[in-house]
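Thanks for asking me to look at this one with you.

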Amino acid sequence: MFARLGLCSQLPSRARKHVCPVPIRAFSQTKFPLPRPHGKSFAHRSELKQAKRIVVKLGSAVVTRGDECGLALGRLASIVEQVAMLQNQGREMMIVTSGAVAFGRQRLRHEILLSQSVRQALHSGQNQLKEMSLPVLEARACAAAGQSGLMALYEAMFTQYSICTAQILVTNLDFHDEQKRRNLNSTLQELLRMNIVPIINTNDAVVPPPVPNSDLQGVNVISIKDNDSLAARLAVEMKVDLLVALSDVEGLYDRPPGIDDAKLLDIFYPGDQQSITYGNKSRVGIGGMEAKVKAALWALQGGTSVVIANGTDPKVTGHVITDIVEGKKVGTFFSEVKPAGPTVEQQTEMARHAGRALASLDPEQRAEIICCLAELLTEKKEEILSANKRDMELAITSGRFSQALINRLSLSTAKLNSLAIGLRQLAVSSRDSVGRVLRRTRVANNLELEQITVPIGVLLVIFESRPDCLPQVSALAISSGNALLLKGGKEASNTNKILHQLVQEALSIHGVTDAIQLVSTREEVEDLCRLDKMIDLIIPRGSSQLVRDIQRAAKGIPVLGHSEGVCHVYIDSEASLDKAIDVVRDSKCDYPAACNAMETLLIHRDLLRTPMFDQIIDMLRTEEVKIHAGPRFASYLTFSPSEVKSLRTEYGELECCIEVVDSMQEAIDHIHKYGSSHTDVIVTENEETAEQFLQQVDSACVFWNASSRFADGYRFGLGAEVGISTARIHARGPVGLEGLLTTKWVLRGEGHTVADFSEQGSMKYLHENIPVPQGSFN
């Protein structure tokens with residue numbers, strides 16, 4: 001590819017425009033399988049990455065401006081860029097385009113206006129022109145005037161990416177005449193072989209107006225009435241893997257998009273046609289959504305996968321085609337394979353509906369569900385551990401997972417017992433959660449206001465490994481009355497499945513089984529993060545990379561969590577030796593994969609070359625902890641350990657960084673610069689120094705003479721946690737029950753109006769605080 005770019009760059013710009021090199025196809029890093037047998041479409045979006053031959057259909061609304069006189073050049077340029085990118089990856093791209101009529105109309109209107117102005121100037125002899133009227137322009141004449149300009153524009157745009165194009169105009173007869181059809185197929189095959197992008201359009205200059213007929217019913221029959229049917233016919237004829245049809249709507253809705261409660265369909269199956277109500281066609285073009293769906297189903301029947309998506313939205317136009325090819329949830333995907341279970345959207349609706357019933361239960365009933373789940377964890381421990389063993393064996397055999405991830409995946413009898421104890425503890429606190437009165441105010445006589453706790457709504461918890469996370473967050477959702485969607489990693493699928501079954505068994509005792517759903521479909525995390533109208537809060541549990549990816553992908557949905565767990569332990573000059581050794585050992589070695597494990601050990605300079613320092617180092621070596629030296633620590637040593645690459649590293653294993661500081665204040669500055677605001681510890685016998693550290697360090701958890709591993713919801717007495725938040729608002733630190741509640745205001749009056757409190761009104765505000773007894777519920 002680089003050789004081709006170099007060759008083109010050496011040519012004069014005017015000559016280069018007409019050069020059509022025929023290079024060996026250049027491949028990027030994208031790997032493609034061998035061409036698949038045509039005749040069967042892709043069953044799932046994730047398989048679209050395998051699409052080799054692709055047709056992109058650009059509807060009139062995509063190509064033309066809002067005034068229908070001219071092309072939307074910026075939009076067209078971004079589409080060309082994406083097609084060029086996919087072509088240079090080694091795919092075979094074709095474009096079916098509208099726009100000739102609009103381009104020609106612009107040219108003809110310009111010529112007519114110019115002609116009229118010249119005539120008027122000659123007849124009147126004055127510069128002032130009379131108001132001019134434009135005749136109605138016939139579409140075929142506009143197409144004839146616009147085809148050459150449209151093609152020249154495409155050619156100029158693709159030349160910027162060293163890609164050649166070729167124009168092909170077709171009519172209905174070209175497909176129904178056997179010889180012409182074979183010639184068309186042969187021409188297209190040869191162009192694709194030469195790495196040329198065919199630009200195809202109906203020959204609107206000669207094509208007759210469309211007439212109603214009974215086509216679109218069989219694979220061998222389709223009338224070319226518009227570019228939708230042309231794209232479908234071409235896709236089947238050329239054995240195309242994927243047809244991307246871009247329009248001015250997000251995809252296919254179950255009813256016209258302007259109607260309330262209209263739902264965008266993520267996947268459409270041939271048997272769902274009766275459930276669709278179509279609206280009017282687009283502002284331009286001769287097709288409508290019904291024509292698009294019929295053409296799409298015809299192509300699907302012929303073995304081509306189809307996605308209908310929005311090509312006009314400036315927020316997505318620049319990546320809509322590449323997103324579709326990458327398998328992202330964009331537009332409506334047409335599939336012949338209907339999954340056995342509900343879609344994630346259906347699961348979310350089911351969870352929200354059952355979640356409201358869960359929130360309306362008495363606190364004692366929610367506590368019963370949690371206690372039942374705790375009992376099931378101990379009763380079914382053999383089945384749970386057996387499933388977990390299968391996951392562990394598969395993870396180890398695959399060789400794709402780090403030791404830290406495998407450690408998180410592992411369950412044991414001790415872990416299950418600890419989980420059960422935590423759930424029973426949570427069951428007690430769940431009796432004091434939803435509906436608790438936080439504040440009561442007498443606004444005026446017979447007008448009282450209450451602030452009460454309520455569930456957030458629908459939670460989405462995405463977690464890697466750590467199947468013990470599933471019963472924890474499930475119990476917290478039950479306690480707080482929230483609906484819950486769970487998305488676990490594939491590496492823990494067997495364990496997650498049985499744990500979710502136990503959760504639903506516990507929920508069933510009060511008829512709210514659907515309140516907690518396990519997403520087991522092929523949903524990408526990024527797609528789940530786009531369900532902003534269905535999900536109220538996302539809680540990621542996993543690696544720092546997972547959390548960062550979710551924070552970037554979430555559009556309009558709050559994310560509760562921390563991106564990293566770079567925790568520090570600072571050994572002050574007045575530290576106790578025994579306490580220092582115990583705290584450092586536990587913080588690093590108890591569970592190195594945990595987010596609250598120590599990653600950096602800060603040591604006061606005065607402790608260097610002292611028995612305390614030597615014993616700390618000896619302990620770390622005995623525990624087989626790999627030590628990385630910070631820049632200042634390395635400068636003190638003749639033969640130092642490997643110097644740390646970054647002071648912001650979360651190792652997650654038996655590794656840590658050691659750095660030297662001159663004072664407690666320097667330790668605080670280091671923590672603020674390189675830490676992640678998670679958990680930081682000071683070891684000292686000086687109470688004044690400790691209190692300064694506790695007050696000044698801006699982290700979610702700050703400890704004195706205690707291991708960083710105490711930063712945990714269970715150890716804090718919260719019963720369980722959904723994670724640790726380093727955010728500055730809502731919840732911070734280990735997030736338990738309180739962090740999953742929000743509030744609402746309830747006002748009780750007797751026909752009060754704001755006008756009653758105006759200057760001419762008869763009432764006055766009192767705003768008296770009413771004492772709220774402990775444990776008071778709405």
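Here are my notes on the strands and how they pair.

1. First, keep in mind that this is a predicted model.

2. Look for the open sheet made of 6 strands, with parallel pairing and the order 17-18-16-15-19-20. Strand 17 (626-629) and strand 20 (701-704) each have a single partner strand and stand at the edges, so one side of each has no neighbour in the sheet. On average, neighbouring strands here are turned by 20 degrees against each other, direction ignored.

3. Now zoom in on one pair from that order. Strand 15 (residues 567-571) and strand 19 (residues 679-683) run parallel and are joined by 4 bridges. To find your place, look for His568, which stands opposite Asp680 in strand 19.

4. Next, go to strand 2 (residues 92-97). Is it mostly covered or mostly uncovered? Mostly covered: 6 of its 6 residues are buried. Glu92, Met94 and Val96 point one way, while Met93, Ile95 and Thr97 point the other way, and all of them are buried.

5. Which strands does strand 2 pair with? One is strand 1 (residues 53-58), which runs parallel to strand 2 and is joined to it by 6 bridges; in this pair, Leu58 has Thr97 as its bridge partner. Another is strand 4 (residues 197-202), also parallel, with 2 bridges to strand 2. There, Val96 stands opposite Ile200 in strand 4.

Notes
Residues are numbered from 1 along each chain as its sequence is written. This is a predicted model: local features need pLDDT of at least 70, side-chain atom pairs count only at pLDDT 80 or more; totals for chains, interfaces and linings use all residues. Side-chain values use heavy atoms; hydrogens and water are left out. Two strands pair if DSSP finds at least two bridges between them. Axes are lines fitted to C-alpha atoms, for helices over the stretch in contact, and angles run from 0 to 180 degrees between N-to-C directions. Buried means under 20% relative accessible area, exposed over 50%, partly exposed in between (1.4 Å probe, protein chains only).
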